[in-house]
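Hi there,

I am passing this structure on to you, with a few notes on what turned up in it. Please have a look at it first, and then read on.

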Amino acid sequence: MSDREEDKKAGGTREVHLELLVGKAVRDPNDKRVGLIEEVLAEEQHGEWVVKEYLIGAAALLERLSAWPVGRGILGLIRKKEYPGYRVPWDKLDLSDPGRPRLTCAVEELEKFAPR
Amino acid sequence: MDEEPLDLIKDVLDNQLVDLHGRRMGKADGIIIELRKDGPPRVAYIEVGGPTLAARLHPRIGKWATSLAKRFGVGAEAYRIPWSKLKSVGIDIVVLVDAEKTPVLAFEQWLREHVVSRIPGGKT
Amino acid sequence: MKKALSIALGILTSIGGFLDVGAIATAAQAGAAFGFQLIWALLLGTLCVIFLVEMSGRLAAVSGHTLADAVRERFGFRFYFLQYVIEIIVDFLVLGAEIGGVCIALQLVTGISFQWWALPVAFVLWLLLWKGTFGLIENGVALLGLVTLVFVVAVVMLKPDWPAVMSGALPSLSRHDTAHYLFIAVSIIGALVSPYLFFFYSSGAVEEKWDKSYIGPNRAIAVIGMGFGSVVSLGVLITSAIVLFPKGIQVESYDQAALALVAPLGFLGFVLFAVSLGITCFGAAMEVGLDQAFITAQAFGWNWSESQKPAKEARFSLIYTVMIFLSALLMVAGIDPLQLTLFTMALTATILPVVIVPFLVLMNDEKYVGKFRNGIISNTVVVLIIGLAFVLAVVAIPLEVLGGS
């Protein structure tokens, strides 16, 4: 996509396509893969909608697809505990290159995310 | 809209868009956020259109579709609906826009006038 | 009262959706080649389709989503696009086979080759959809479809050996021609569990604005409608098994299948076979043609409706117009309708997982179906049958293609 051209138009602000961000691997400051972006949470602040946090990891995907009940319901295919997932606050994810999203903090600082 | 955080991917992306008259006007093919220096990213637009979808299949298909759309002009290019025009997010996303007046239905209108109405029984 | 009527019509039309060229052709083949031995495949297919039709109605009634809408929404455009392309290809072949069924029926009655009928049949199909009278026609076709009860009548007249029939209900391997046996078993399941049915049925339910009060009626429609269709298919299989199997007549064309009704009913049986084939295939062809337009419109969020004027939904109308014409070309080209049918039905079995697995995920998602989500029984039954059909298809199709030609 012509993300970069659009940046110049917007002047100062940068645009990111969320639909293309989904499924991108997030790396930590040491270039280690943490997980894939699966969900983006938004909330209303002072009359406008803003991004609150990003959910990454297999747990977030399973949550998004609501795949728990089927997996459990059929054959116990999916065991609940083994899947990592994290909540990344908006200011802890560097999107200056949307193709390579990067954490600005250590993984240990992130809140764990567990599906229902 | 309510106070709960909104799951943008699960609850907005790929949902049906309906205009203020209840007319279906495409799906939420893309969501655009604006990164800002001094605050959280702003949820800016919902995008509708072939090029947006094509880019999701593969970047190269996306580029090809975007250049193709430029040649066809209005209606083929992606159309942006400002987030502030969203009225509600439920089974469908209701937006405060008149679909018939947007380029989203340009091809539909062209087909209606040039093809369908020329076939007997096609008119209203 | 209005609801009672709509339930009655729902049952009728779901019979129409169940009985089509695939159901008749595969049942006739099975009976002729293997006697009662494949009845189990028909029963498994019926059980599976009852569960799945019920689910697609329940999804629509509780969530207000059609199956296609829900899949794109939940699994994203990339996955939906894959499913969509596969479904369009299979629908294209199925529609060709259904149009072929109507053409063969006309050939049986008039003696004029089916190829000549393809375009006229396609034109009439298109005209009825274009005129926007689908509901009316659908109900008419469904009522006329009751003529297929002739197969049940024939079974009664032929006085089958019931214990032998029952023994076919238990799965067993054939002593001869195992590859062909499995291929036909797969075709039967593929013919009954047609993905278009679920997309179509859920679209109809959303269009009629079903709500939670339809959950009960929906169950009745699924069980009675599919059950009735199954009884007729069993009738086809049993008559073929009694009449054709002992004489060693393999059904290689539809006129041979018609012989199954000639034995008990004479020339009338021949005519009724042609009429049954023609009507069921015509009804199914309308549904498949509309289904292609439904899933396309729902892929991209266009207006769609069974009964709007084309001007209100130009793109939607264009899709079925083009697809009906393209599918008719398969018949114009002279592809054998029976071979096309059997091949397409077996192919359907291989694509079932792509359609059914996401469907099951949705049916377990509280966000879509709330407390009306699937129980462990419906999940397990559907997964096992679809899994079995898929495995058999992967094994049997290559064997059939290698050995059959």
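**Notes on chains A and C**

In chain A, 51% of the contacts between residues at least 6 apart in sequence join residues at least 24 apart; two residues are in contact if their C-beta atoms, placed from the backbone, lie within 7 Å. This is a predicted model, where local features need pLDDT of at least 70 and side-chain atom pairs count only at pLDDT 80 or more, while totals for chains, interfaces and linings use all residues. Residues are numbered from 1 along each chain as its sequence is written, and chains are lettered from A and ligands numbered from 1 in the order in which they are written.

Chain A has four helices and eight strands (DSSP runs, H or I of at least four residues for helices and E of at least two for strands, numbered from the N terminus). Of its 116 residues, 33% are buried, meaning that 20 or more other C-beta atoms lie within 10 Å of a residue's own.

Over in chain C, C:Val186 and C:Ile188 touch the most other members of the largest nonpolar core, which has 212 residues. Such a core is a set of buried Ala, Val, Leu, Ile, Met, Phe, Trp, Tyr and Cys residues joined through C-beta atoms within 7 Å. Helix H4 (residues 67-110) of chain C gives the largest share of this core, 18 residues. Beyond its neighbours within four places in sequence, C:Val186 has contacts that include C:Ala346, C:Leu392 and C:Ala396.

Enjoy exploring!

Technical notes. A residue is buried if 20 or more other C-beta atoms lie within 10 Å of its own, exposed if 12 or fewer, and partly exposed in between; C-beta atoms are placed from the backbone.
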